[in-house]
Amino acid sequence: MNYRHAYHAGNFADVLKHVVLMALIESLQAKPTPFCYIDTHAGSGNYPLDGFEARKTAEHKDGIGRLHPAEKAPPLLRRWRASILGSADNAQGLKHYPGSPLQVARLLRPGDSAQLCELHAEEAAKLRDLFRANPQVHVHQRDGYEALKALLPPREKRGLVLIDPPYEAQEAEYRQIEQALKSALQRWPGGIYAVWYPIKLRSQVQPFLRGLQHSGVKRVLRAELLPHPDDSPLRLNGSGMVILNAPWNLDEVLREPLRVLASLLSQERPAEWKLEWLLDEAGSQLNVPSPLPASRLSRPPGRR
Ligand SMILES: C[S@@+](CC[C@H](N)C(=O)[O-])C[C@H]1O[C@@H](n2cnc3c(N)ncnc32)[C@H](O)[C@@H]1O
């Protein structure tokens with residue numbers, strides 16, 4: 001539990017994650033019935049950009065710091081940028097970067113609710129302070145994977161689970177996510193599940209994505225953005241969000257924003273991006289992540 005999101009808040013990976021998050025919340029808001037947002041790894045909720053951690057890495061400068069007001073930016077990006085900047089004129093004037101809980105809390109309508117899980121005591125205390133006066137938001141200092149067993153299905157019967165772990169366990173984290181998703185889907189098959197993942201070496205994420213193609217869930221979409229080539233294990237080269245039970249038009253909603261983000265977030269070379277369905281409405285595999293060794297391709301008996 002050494003990870004502190006304050007070192008990374010507002011970086012290029014946060015930008016991708018939070019733009020996708022806004023698209024998902026807006027899609028839930030297309031219907032007037034209330035929804036529930038569940039954040040399994042919530043963090044502290046709001047991060048000072050002039051604090052020691054942010055100044056040490058300055059990662060936000062290549063993330064939210066690049067979101068200049070592009071005149072022809074797609075409406076989703078403009079709405080997201082405005083919701084982050086608030087009264088600041090531009091990202092340089094931004095004092096705090098809001099984390100996923102605060103971004104979503106600002107969008108909740110009367111009747112919607114949020115359940116936030118954070119295991120680290122100090123981060124959870126900050127989160128609790130932030131939402132002390134907000135009766136729609138509930139903070140739990142506990143393991144987010146375990147908490148899903150108690151929180152699902154939510155009373156509202158509609159909503160979204162964000163799984164955004166720090167991957168301190170590296171590839172072993174994927175096994176925990178797979179277990180958590182399996183049990184969550186049994187409790188709440190109709191929920192939307194969005195999982196953030198880091199991309200260092202492409203081969204580290206392939207088994208996870210391939211596993212999702214056998215999860216029995218329909219409509220699995222992945223969105224990735226890579227400022228750097230995915231060939232070095234030593235740095236964060238890019239990141240992705242994979243969405244299970246994704247809204248049917250999410251690819252259309254995200255395509256133009258992703259294209260523009262890739263150009264805004266490019267560094268020493270044009271950033272790459274990917275947006276594709278892994279499974280379609282009928283549960284058929286569409287885009288199998290590039291080939292694995294033959295030994296990993298055999299399917300377990302009895303599964304699709
Ligand atoms: C990447 S940060 C979360 C960022 C946040 N979702 C956002 O987008 O603003 C991951 C957080 O998970 C917390 N954490 C680590 N293991 C956890 C667990 N098993 N359950 C809940 N929280 C955990 C860490 O303390 C850290 O604050």
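I began with a helix pair: H18, V19, M22 and A23 of α1 meet L76, L77, R79 and W80 of α3. I count two residues as in contact if their C-beta atoms, placed from the backbone, lie within 7 Å. The contact of α1 with α3 divides into six nonpolar residues, one polar and one charged. My classes are nonpolar for Ala, Val, Leu, Ile, Met, Phe, Trp, Tyr, Cys and Pro, charged for Asp, Glu, Lys and Arg, and polar for the others, Gly among them.

A note on ground rules: this is a predicted model, where local features need pLDDT of at least 70, side-chain atom pairs count only at pLDDT 80 or more, and totals for chains, interfaces and linings use all residues. Residues are numbered from 1 along each chain as its sequence is written. Helices (H or I, at least four residues) and strands (E, at least two) are DSSP runs, numbered from the N terminus.

Next I looked up the axes of α1 (residues 12-28) and α3 (residues 75-85), which come within 10 Å and cross at roughly 105 degrees. That makes α1 roughly perpendicular to α3 (65 to 115 degrees counts as such). The axes are lines fitted to C-alpha atoms over the stretch in contact, with angles from 0 to 180 degrees between N-to-C directions.

Then I turned to α5 (residues 121-130), where E123, A124, L127 and L130 are buried. Buried means 20 or more other C-beta atoms within 10 Å of a residue's own, exposed 12 or fewer, and partly exposed in between. Down the axis of α5 the buried residues fall within an arc of 120 degrees, so they line one face of the helix. On the other side of α5, I found A121 and E122 exposed. The cover over the buried residues of α5 includes β2 (46-48), α4 (100-105), β4 (113-117) and β5 (137-140).

For the ligand, I noted 21 residues around it, of which H41, G43, G99, S100 and H120 come nearest; a residue is near if its C-beta atom, placed from the backbone, lies within 6 Å. That shell divides into eight nonpolar, seven polar and six charged residues.

Last, I checked the backbone. L152 and P153 are joined by a cis peptide bond, with omega about -5 degrees, and P153 is found in the loop between α6 (144-151) and β6 (159-163). R219, not a glycine, has a positive phi of about 50 degrees. R219 counts as buried because it has 20 C-beta neighbours inside 10 Å.

How values were computed
Arc of directions from axis to C-beta. Parallel < 35°, antiparallel > 145°, perpendicular 65-115°, else oblique.
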